[in-house]
Amino acid sequence: MVTPLETKHISKSYGNERVLSDINLSLNSNETLSILGRSGCGKTTLLKVLGGLESPDGGTVFVNQTDIQTLQPQDRDVVYLYQEALLFPHLTVFENIAFGLRLRKIDEKKVSKRTHTMIRKLQLNGMADRMPDQLSGGQKQRVSFGRALITNPSVLLLDEPFGNLDAYTRSNMQELFKQIANDLTITAVFVTHNVKEAILMGDRIGSISEGGLTIYPSVEAFVESEKNGVQEEIEFWQSIDKNTN
Ligand SMILES: Nc1ncnc2c1ncn2[C@@H]1O[C@H](COP(=O)(O)OP(=O)(O)OP(=O)(O)O)[C@@H](O)[C@H]1O
């Protein structure tokens with residue numbers, strides 16, 4: 001079976017600051033890895049390297065067993081989803097979601113069918129003709145998901161995608177994401193600073209500290225572990241959550 005995402009010995013520095021050091025991971029099809037870690041520890045940098053947006057100083061990222069650096073961006077089969085929903089303001093919901101299909105010159109009938117199916121999956125019925133500025137934050141993020149998923153990427157990289165949403169919308173989005181990731185057999189890396197969310201979304205959990213990535217063999221092992229300052233990190237983020245929610 002092809003491994004959708006694998007890294008070997010990734011390292012990355014900015015100037016004198018070593019941000020990532022000998023990162024090795026391997027994700028199976030339809031597996032979600034949640035990544036936690038203190039602010040500035042390198043979570044976003046890792047996602048950028050995984051998505052081919054930043055080159056590592058050393059090591060290799062393999063997507064479907066091909067070195068990502070040897071592929072053109074449009075052939076990488078990896079989509080990066082930001083905290084902010086990045087939508088084209090002058091395009092309708094339908095056209096925002098259909099964008100990736102149009103780039104691939106898919107015929108109109110298929111574009112219409114696939115886009116409407118995605119709109120239904122995302123519970124955006126009746127909103128196809130709305131413009132982004134007529135949507136709520138949660139609806140915008142769902143359109144953003146639709147844009148990311150419409151081309152059926154093998155790997156989805158999510159950088160605190162629900163960070164700006166209220167608790168109720170966040171919980172709905174978590175459920176919706178899990179459902180769609182299952183339907184479409186997506187392999188995902190999910191960066192969050194919310195421990196509860198990491199546990200809910202992740203089949204496995206990893207933590208970055210001092211440039212290294214520790215992946216726990218199971219969610220239970222993570223919860224039980226007090227090694228590597230995990231307990232301290234949980235308390236750190238909980239104290240921030242208390243102050244911001
Ligand atoms: N383009 C860059 N040039 C120089 N330093 C950078 C650059 N991007 C990130 N860094 C530094 O690398 C370190 C890791 O940053 P990164 O954004 O990966 O952290 P993070 O874990 O995602 O943080 P947060 O949780 O606050 O978003 C930080 O010290 C940051 O200042």
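This is a predicted model: local features need pLDDT of at least 70, side-chain atom pairs count only at pLDDT 80 or more; totals for chains, interfaces and linings use all residues.
**Ligand shell**

- The residues around the ligand are Tyr-14, Glu-17, Val-19, Gly-37, Ser-39, Gly-40, Cys-41, Gly-42, Lys-43, Thr-44, Thr-45 and His-193.
- Sorted by class, the shell around the ligand holds 3 nonpolar, 7 polar and 2 charged residues.

**The open sheet**

- An open sheet is formed by 6 strands, which follow the order β6-β7-β8-β3-β9-β10 with mixed pairing.
- At the edges of this sheet stand β6 (78-81) and β10 (212-216), each of which pairs on one side only.
- On average, and with direction ignored, neighbouring strands of the sheet are turned by 20° against each other.
- Strand β9 (residues 204-209) runs antiparallel to β10 and is joined to it by 5 bridges, and Ser-207 stands opposite Thr-214 in β10.

**Packing of α2 against α4**

- Helix α2 (residues 93-103) packs with helix α4 (residues 137-149) at an angle of about 30°, and their axes are 6 Å apart.
- Because angles under 35 degrees count as roughly parallel, α2 and α4 are described as roughly parallel to each other.
- On the α2 side, Val-93, Asn-96, Ile-97, Phe-99 and Gly-100 meet Val-143, Gly-146 and Arg-147 of α4.
- By class, this contact of α2 with α4 comprises 4 nonpolar, 3 polar and 1 charged residues.

- Phe-190 belongs to strand β8 (residues 187-191), and it counts as buried because it has 27 C-beta neighbours inside 10 Å, where the threshold for a buried residue is 20 or more.
- Leaving aside residues up to four places away in sequence, Phe-190 touches Thr-32, Leu-33, Ser-34, Ile-35, Leu-158, Met-201 and Gly-202.
- Between Phe-190 and Ala-221, which are 31 residues apart in sequence, the C-alpha to C-alpha separation is 18 Å.
- Met-201 is placed in helix α6 (residues 195-201) and, with 22 C-beta neighbours inside 10 Å, likewise counts as buried.
- With residues up to four places away in sequence again left out, the contacts of Met-201 are Thr-32, Ser-34, Gln-174, Lys-178 and Phe-190.
- For Met-201 and Ser-34, which lie 167 residues apart along the chain, the C-alpha atoms are separated by 6.8 Å.

**Two loop residues with positive phi**

- As background, most residues other than glycine have a negative phi.
- Gln-65, although not a glycine, has a positive phi of about 70°, and its place is in the loop between β4 (58-63) and β5 (66-67).
- Gln-65 counts as exposed because it has 10 C-beta neighbours inside 10 Å, where 12 or fewer is the limit for an exposed residue.
- Thr-185, also not a glycine, has a positive phi of about 50° and is found in the loop between α5 (167-183) and β8.
- With 12 other C-beta atoms within 10 Å, Thr-185 is exposed as well.

Note on methods:
Residues are numbered from 1 along each chain as its sequence is written. Helices (H or I, at least four residues) and strands (E, at least two) are DSSP runs, numbered from the N terminus. Two residues are in contact if their C-beta atoms, placed from the backbone, lie within 7 Å. A residue is near a molecule or strand if its C-beta atom, placed from the backbone, lies within 6 Å of it. Ala, Val, Leu, Ile, Met, Phe, Trp, Tyr, Cys and Pro count as nonpolar, Asp, Glu, Lys and Arg as charged, and the others, Gly among them, as polar. Axes are lines fitted to C-alpha atoms, for helices over the stretch in contact, and angles run from 0 to 180 degrees between N-to-C directions. Angles under 35 degrees count as roughly parallel, over 145 as roughly antiparallel, 65 to 115 as roughly perpendicular and the rest as oblique. Two strands pair if DSSP finds at least two bridges between them.
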